[in-house]
Amino acid sequence: MSFIAASPSWLSVSLQLFLIATVVVASQHKIAATAMTITVTCLIPRRCLFALHNGAGQSKYGGMSRTALRILIIDENRIRAAIIEAGLHEAGHTAVTLIHEMTGIARRIAEVSPDVIVIDLENPNRDMLENMFQLSRAVKRPVAMFVDRSDSASIEAAVEAGVSAYVVDGLRKERIKPILDMAISRFNAFSRMARELEEARSELEDRKVIDRAKGILMKSRKLSEADAYALLRKTAMNQNRKLAEIARSLVTAAGLLGDDA
Amino acid sequence: MTETRFEISAGFLPLLDSSLLVVAREKGFAGDEGVALHLARETSWANVRDRIAVGHFQVAHMLAPMPIACNLGLTPLAATTVVPMALGLGGNAVTVSNRLWAELTTHGAAGDLAPRATGEALKAVVAQRAGKPPLRFAVVHPHSGHNYELRYWLAACGIDPDRDIEIVILPPPLMADALGSGALDGFCAGEPWNTAAVLLGHGRIATVKAKIWRSSPEKVLGADARWAEANPEALAALLRALYRSAQWCAEPVNHPELAAILSAPGYVDRPAEWMLPALSGILRAGPETTVGVEDFFVPQAKAATFPWKSHALWFYSQMVRWSQVAHSAENAAVVRETYRPDLYRAALKPLGVALPGANAKVEGALAAATPVGSAGASLTLGPDGFFDGSLFDPDELDSYIAGQRDAFAR
């Protein structure tokens, strides 16, 4: 698994966890489901904003205080959530909560009473959550918006990576932007790793199917392994197709004809 | 195949009424117009909105009220969105749990999907439950035809949707399971999700959009206004492709193929049998019951793809009614400008097809199919009645809004 070594070193904290889960996921053949796009949604309850404006329990300079922001991560992908959590811890945020289950989400949000909420873009409940943010007392009717609508490059980078943010009008951009930037880079890194993992997996599968195709040829055409491989490669070159594709059709055909080796 | 002149990316949600976009691509109508149409399935309307805003999509399959909500500033990160075309009429239903259905039948619901009798039965059930937790219904989005038609139906039957029942938001693919698990008592959603709930044994279709407001708007093509402005030829080519697609979708002989196309993993990704009831209008209302519904889903006839400004204004009247936005002349003007019949006519004129002469009409005025003024070819509209017999005259917006505000004496 050499591709792991190429990953940025700052991911090392989460890497252990990632690998463990990888084994689990791969064994269920579900790795293709890993996310490519994610959104981070940040929103700040009015109550918190009120506190900020009044300086209650806060430094006068909101950006300096690192104890205040309670951050909730809602992501059904535990690995990705853990990577974000690690990043937030490194950035000095200690009040981070993860939620992986959508059941009873309204009550959980009310309990956690978060200042910022992080959500992945693939979550099919985004419409429900947005509606809740706008109406529910659980989140005190935040004016959910991007950090700064004028910062279109940042917004695009965010949605590209899968990250967007809800922020109450008037909250200091400086406090939210580092969280968003961190999430963008970590979501991107996660997608990259997932992609590399997927490539590695399909390479492994290709190799297996080529081996089976060789076996079929060796048996049916009485060829040596080297000759069987050469025949597959020649066929692939003649048809301008991938070796694995040729092997796959051969295995399928052999299966249909009932002489699968 | 024509040479590709335009690259267009469109977002959609896995619903039956994504048909026009899906077929435009799969049957080559987009290609014939020189449009390379890239379709991306999304998991939420919020994603569709965000991706239009950042330019990933130029157009998208949208809930008809969504572009209005965007332009009124009711949603985060909304780009100015125009509606140059609708994607059909009707297609939704209200499905209730088996338990609630049993109660409704004891109060006179007959199973023929009639909104009045079913609604009155529901009112009786609600009254009986006084003191217990309210019945919980789900819709797919606060700014959706589903939300407004459910509320319209309930209110017209004397049920206050904000006090007598609870309405929550849930993605359509989760509706059937939520009904089965008892988390929901009912929902209003598009197809195939009502059929799914019935076939899985979780519920019973109680009434349908086509009977609450016949020939009523549901999904539209939303286009990024900046892109539409800068690329009128690309937009026109896409609209022509979608019109051809609508014609193809409307042919009953094509329905089995359409169902098969939609059932593919990249689209709705559910069995083809789930698509057929909505296409034929012969609904599986219950496990042993089928009910034929006229105009259940209309992809093309009756100017089904025309973006009527009166449709936009009716949705706006409901946004005001349910306190999502305050009524003002400025807001009404924004709404009128959101739907763009001028773009529709400009694009389709070369096809010589029927183009309505008016931009708006009195909704609910046609008791029967009626020939109307049109250019290009003859056109028949209606019937289009609201089940309670009321009319919506877009020229009398203020009094309509005032009248419905009085309904619950808010």
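**A buried serine and the architecture around it**

Ser215(B) counts as buried because 24 C-beta neighbours lie inside 10 Å; a residue is called buried if 20 or more other C-beta atoms, placed from the backbone, lie within 10 Å of its own, exposed if 12 or fewer, and partly exposed in between. The model is predicted, so local features are reported at pLDDT of at least 70 and side-chain atom pairs at pLDDT 80 or more, while totals for chains, interfaces and linings use all residues. Residues are numbered from 1 along each chain as its sequence is written, and chains are lettered from A and ligands numbered from 1 in the order in which they are written.

The backbone at Ser215(B) deserves a look as well: its phi is positive, about 55°, although the residue is not a glycine. Ser215(B) sits in the loop between helix 10 (209–212) and strand 11 (219–224) of chain B, where helices (H or I, at least four residues) and strands (E, at least two) are DSSP runs numbered from the N terminus. Asp295(B) also has a positive phi of about 55° without being a glycine. This aspartate belongs to the loop between strand 13 (289–292) and strand 14 (297–298) of chain B, and it counts as buried because it has 21 C-beta neighbours inside 10 Å. Most residues other than glycine have a negative phi, and most peptide bonds are trans.

Cis peptide bonds occur in chain B too. One joins Glu191(B) and Pro192(B), with omega about 5°, and Pro192(B) lies in the loop between strand 9 (186–190) and helix 9 (193–199). Another runs from Gly382(B) to Pro383(B), with omega near 0°; here the proline is in the loop between strand 18 (379–381) and helix 18 (397–406).

Taken as a whole, chain B contains 18 helices and 18 strands. Its radius of gyration is 20 Å, close to the 22 Å that the globule rule gives for 410 residues, so the chain is as compact as a globular protein of that length; the radius is taken over C-alpha atoms, and the rule is 2.2 Å times the number of residues to the power 0.38. Buried residues make up 58% of the 410 residues in chain B.

The domain assignment, automatic or from a database, divides chain B into domain 1 (6–88 + 217–270 + 325–350) and domain 2 (355–406). Their C-alpha centres lie 23 Å apart. Contact, meaning C-beta atoms placed from the backbone and lying within 7 Å, links 6 residues of domain 1 to 4 residues of domain 2. Helix 17 (residues 341–348) gives the most to the domain 1 side, with 3 residues.

The largest nonpolar core has 178 residues, and those with the most contacts inside it include Val118(A), Met175(B) and Leu238(B). Such a core is a set of buried Ala, Val, Leu, Ile, Met, Phe, Trp, Tyr and Cys residues joined through C-beta atoms within 7 Å. Helix 12 (residues 232–250) of chain B supplies the largest share of this core, 12 residues. Leu238(B) touches Ile8(B), Ala30(B), Val35(B) and Val59(B), not counting residues up to four places away in sequence.

Between the chains, 17 residues of chain A are in contact with 16 residues of chain B. On the chain A side, helix 5 gives the largest share, 5 residues.

How values were computed: Contact = placed C-beta atoms within 7 Å.
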